[in-house]
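Subject: Structure handover

Hello,

Here is the structure for your files. My notes on what was found in it follow below.

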Amino acid sequence: MTKLVSTLIVLSCLASNAFGQTAAPKGAASTKKRVAIARRAIVTDKAPKAIGPFSQAIVAGDFVFVAGQLGVDPKTGEFAGSGTEEQAEQVLRNLSAVLDAAGSDLRHVVKTTVFLADMADFNAMNEIYRRHFPEDPPARSTVQVARLPRNARIEIEAIAILKP
């Protein structure tokens, strides 16, 4: 039992230090260190402008957080088509354009969330997604939603790391 408790204490100290905290003796107040992380908004005309009070992406430290992208052609402001397939292709082009402006690309995406207007489009979306993420695809969640902005068929948001 003592060995288990010792192991848990060591793991707790390691986790605290990994998150910028210092370990405090039992009963003492803990001290937290705050580390300033650079943060900058990304704006590119190669992807549709944000349709609300949000950025196309935010770079924070070594990560890029890309807002949900719709299948809207940035040149025309219209959907690339009425179907999920056409919109999914445009979504991934828009996602790629925002990542490029931030200093990343699709190969550096670590997590996506796909929002579908209809889960019946899951297989069609998967085929297009697979072409854009052919090797070591990112972690992903896919959900059906009641409605997307502008009545889109699909929206994808992503988290990526910056290129080295």
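Arg-39 stands opposite Ala-60 in strand 4, and Ala-41 has Ile-58 of strand 4 as its bridge partner. Strand 3 and strand 4 (residues 57-60) are paired antiparallel over 4 bridges. Two strands count as paired if DSSP finds at least two bridges between them. Helices (H or I, at least four residues) and strands (E, at least two) are DSSP runs, numbered from the N terminus.

This is a predicted model: local features need pLDDT of at least 70, side-chain atom pairs count only at pLDDT 80 or more, and totals for chains, interfaces and linings use all residues. Residues are numbered from 1 along each chain as its sequence is written, and side-chain values use heavy atoms, with hydrogens and water left out.

The sheet

Strand 4 also pairs with strand 5 (residues 63-69), antiparallel and over 4 bridges; here Ala-57 has Val-66 as its bridge partner. The two strands form a hairpin with 2 residues between them, and Gly-61 in the turn has a positive phi of about 65°.

These strands belong to an open sheet of 6 strands with mixed pairing, in the order 3-4-5-8-6-7. Strand 3 (39-42) and strand 7 (139-144) are at the edges with a single partner strand each, so one side of each has no neighbour in the sheet. On average, neighbouring strands of this sheet are turned by 10° against each other, direction ignored. Axes are lines fitted to C-alpha atoms, for helices over the stretch in contact, and angles run from 0 to 180 degrees between N-to-C directions.

Helix 3 (residues 122-132) lies across strand 6 (109-116), strand 7 and strand 8 (154-161), at about 150° to strand 7. Contact means heavy atoms within 4.5 Å.

Asp-121 is in the loop between strand 6 and helix 3. Asp-121 counts as buried because its relative accessibility is 17% (buried is under 20% relative accessible area, exposed over 50%, partly exposed in between; 1.4 Å probe, protein chains only). Not counting residues up to four places away in sequence, Asp-121 touches Thr-84, Leu-116 and Arg-153.

Regards
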